[in-house]
Amino acid sequence: MGERADRRTEIVRAAFDQLARGGFEGLRLRQIAEDVGIDHSTLHHHFPGKQDIIAEVARYTIGRFAVAPAEGATESLRTYLTHLRDLLADAPEVFVVTAELDLRARRDPAVRAVLERHEANWRRWLRELLGAGMKSGAWSAHVDPDEAVELVIAVVKGVQLTPNTAATAFAQLEKLLYK
């Protein structure tokens, strides 16, 4: 990675940290520049505007949810839910920033575009996973893969606002899905 790419990464992480601490109300370009150790005007050499930084923060945050695939649908879903539980415990700020981004996307087209692409990929992955599990007989007979996709997403989004319910919510989700 080059020096410019390294600096961009530092800027994104500084903005991520600000969002985690103070939400969008606390996001200040001058503070990001100071946190990274550059002049405020230099920040614009890396990102033309605040919206560009926010879009990169969204991509960075979404990337934190990625998990390596496991063998089979049931194990893949278990691995994914375990990853989310671990992420909540080890890096709760990821969920704080995700909640901020979800709210911001309602009124910010650039953030909405990034999140819509992410959610389309997320839905596609979950649909494939749940469909494969249905074909192999991994899920309870009453599970509809399309509806289960929305349930998984709703649970994940719900626990980002109430992280203390994550263990119970994910356990119940597994009970509903698995045979």
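I began with a helix pair: the axes of helix α7 (residues 109-135) and helix α8 (residues 145-161) come within 9 Å and cross at roughly 130 degrees. That angle makes α7 oblique to α8. I noted too that this is a predicted model.

Next I looked up the handedness, and α7 passes α8 in a right-handed crossing.

Which residues meet there? From α7 I listed Glu119, Trp122, Arg123, Leu126, Arg127, Leu130, Gly131 and Met134. On the α8 side I found Pro145, Asp146, Ala148, Val149, Glu150, Val152, Ile153, Val156 and Lys157. I sorted the residues of this contact into 10 nonpolar, one polar and six charged.

Then I picked out Glu119, which sits in helix α7. Is Glu119 buried or exposed? Its relative accessibility is 16%, so I put it down as buried, the cut-off being under 20%. Leaving aside neighbours within four places in sequence, I found Glu119 in contact with Asp102 and Lys157.

My last stop was the largest nonpolar core, which has 57 residues. Which members touch the most others? They are Ile32, Leu77, Trp139 and Leu177. I also checked where the core residues come from: α1 (3-22), α2 (29-36), α4 (50-63), α5 (73-90), α6 (92-105), α7, α8 and α9 (166-177) each supply at least two.

I followed up on Ile32 from that group. Beyond its neighbours within four places in sequence, Ile32 is in contact with Ile11, Ala14, Ala15, Gln18, Leu27 and Leu43.

Key:
Residues numbered from 1 in each chain as written. Predicted model: local features only at pLDDT ≥ 70, side-chain atom pairs only at ≥ 80, totals over all residues. Heavy atoms only, no water. Axes fitted to C-alpha atoms, helices over the stretch in contact; angles between N-to-C directions. Helix = DSSP H or I, 4+ residues; strand = E, 2+ residues; numbered from the N terminus. Parallel < 35°, antiparallel > 145°, perpendicular 65-115°, else oblique. Left-handed = near helix turned anticlockwise from the far one by under 90°. Contact = heavy atoms within 4.5 Å. Nonpolar A, V, L, I, M, F, W, Y, C, P; charged D, E, K, R; others polar. Core = buried A, V, L, I, M, F, W, Y, C linked by side-chain atoms within 4.5 Å. Buried < 20%, exposed > 50% of the residue type's maximum accessible area, 1.4 Å probe, protein only.
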